[in-house]
Amino acid sequence: MTKHLKIGITGGIGSGKTTVCSIFEHLGVPVYNADVRAKQLMQESEDLRKKLRLAFGWDVYNKNDELDRAYLAKIVFNNPPQLRILNQIVHPAVFDDYASWVSEQAAAGHPYSVKEAALLIEAKSYKELDKLIVVTCPIDIRLERITKRDGIRREEVLKRIENQLSDKDRLKHADHVIKNSTNFSLIKQVLTLHRSFLEQLATSEPVA
Ligand code: ATP
């Protein structure tokens with residue numbers, strides 16, 4: 001069997017993670033979006049539903065049986081112990097789901113796959129990956145893009161940015177950096193990394 005590389009992509013809010021991942025997808029690389037998948041699992045997994053109801057009460061799901069995000073957000077907002085409980089319930093489920101997804105991608109013959117998550121470093125899950133890409137973008141450009149994309153106020157975006165790790169701290173863990181300001185072509189940077197991952201695999205020893 002040949003080796004399958006597990007690549008992580010992270011970055012601050014509005015840095016361009018999803019945009020970068022869509023370029024990898026165009027190159028045929030499978031992408032796992034941990035934040036989207038977490039939301040799906042919270043909706044679909046019976047085990048998670050049970051655990052969330054036990055921890056936060058029956059009203060975590062509304063009368064249509066849908067996750068009440070606003071209710072949950074109110075509980076964990078500015079409440080680190082409650083947020084920790086939420087993460088302790090959701091993270092292991094995403095961890096297992098990602099592990100079986102990666103096995104499927106490897107079995108299907110994909111040489112590498114990409115996992116996108118906003119908090120790869122904070123949740124320490126980057127340690128299970130082979131390489132970490134950090135997407136950076138100047139704060140003024142992120143502010144402009146996010147206010148436009150989400151229709152929210154600058155102050156709101158700034159507050160979220162201040163609650164996250166700084167780019168300086170993220171870069172300490174980076175194996176590769178993608179710069180997403182107007183001066184750098186994203187496609188060119190992704191193509192360079194794509195080629196280097198394939199080259200790395202071509203020269204590595206096969207897994208027994
Ligand atoms: P979040 O942290 O909210 O998940 P993100 O890091 O995934 O965001 P994207 O959603 O990829 O970031 O990008 C934020 C916004 O900026 C989107 O509207 C996207 O279309 C736009 N954008 C990203 N990169 C560029 C670029 N190079 N040129 C123009 N617009 C861009």
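## About the model

Residues are numbered from 1 along each chain as its sequence is written, and side-chain values use heavy atoms, with hydrogens and water left out. Because the model is predicted, local features need pLDDT of at least 70 and side-chain atom pairs count only at pLDDT 80 or more, while totals for chains, interfaces and linings use all residues.

## The ligand and its surroundings

Helices (H or I, at least four residues) and strands (E, at least two) are DSSP runs, numbered from the N terminus.

The ligand takes up the space of the largest pocket. A pocket is found on a 1 Å grid over the protein atoms alone, as an open set of points where a 1.4 Å probe fits, with protein on both sides within 12 Å along at least five of seven lines. A molecule sits in a pocket if more than half of its atoms lie within 2 Å of its grid points.

## Contacts with the ligand

A polar side-chain atom of Arg149 lies 2.6 Å from an oxygen atom of the ligand. For Gly16, a backbone N or O atom is 3.0 Å from a ligand oxygen atom. Asn180 uses an N or O atom of its side chain, 2.8 Å from a nitrogen atom of the ligand. Taken alone, the ligand exposes 630 Å², and the protein buries 67% of that. Accessible areas come from the Shrake-Rupley method with a 1.4 Å probe; for residues, only the protein chains shown count as cover.

Arg149 is found in helix H6 and counts as exposed, at 59% relative accessibility. Buried means under 20% relative accessible area, exposed over 50%, and partly exposed in between (1.4 Å probe, protein chains only). The side chains of Arg149 and Asp150 are joined by a polar contact of 2.8 Å. Arg149 and Gly14 are 135 residues apart along the chain, and their C-alpha atoms are separated by 9.1 Å.

Arg170 lies in helix H8 (residues 167-171). Arg170 counts as buried because its relative accessibility is 1%. Its side chain reaches the backbone oxygen of Leu165 at 3.0 Å.

## Loops and helices elsewhere

Two residues other than glycine have a positive phi. Asn78 has a phi near 55 degrees; Asn78 sits in the loop between helix H4 (69-76) and helix H5 (80-107) and is exposed at 68% relative accessibility. Lys124 has a phi of about 65 degrees and belongs to the loop between strand S3 (112-116) and strand S4 (131-136).

Val102 is in helix H5 and is buried, with a relative accessible area of 10%. Val102 and Tyr32 are 70 residues apart in sequence and 8.8 Å apart in space, C-alpha to C-alpha. Leu52 lies in helix H3 (residues 46-56) and counts as buried at 0% relative accessibility.

Definitions and conventions. A polar contact is a pair of N or O atoms within 3.5 Å; within protein, one must be able to donate a hydrogen and the other to accept it, and residues adjacent in sequence count only if both atoms are side-chain atoms. On a 1 Å grid over the protein atoms alone, a cavity is a set of points where a 1.4 Å probe fits but cannot get out, and a pocket is an open set with protein on both sides within 12 Å along at least five of seven lines; lining residues have an atom within 4 Å of a point.
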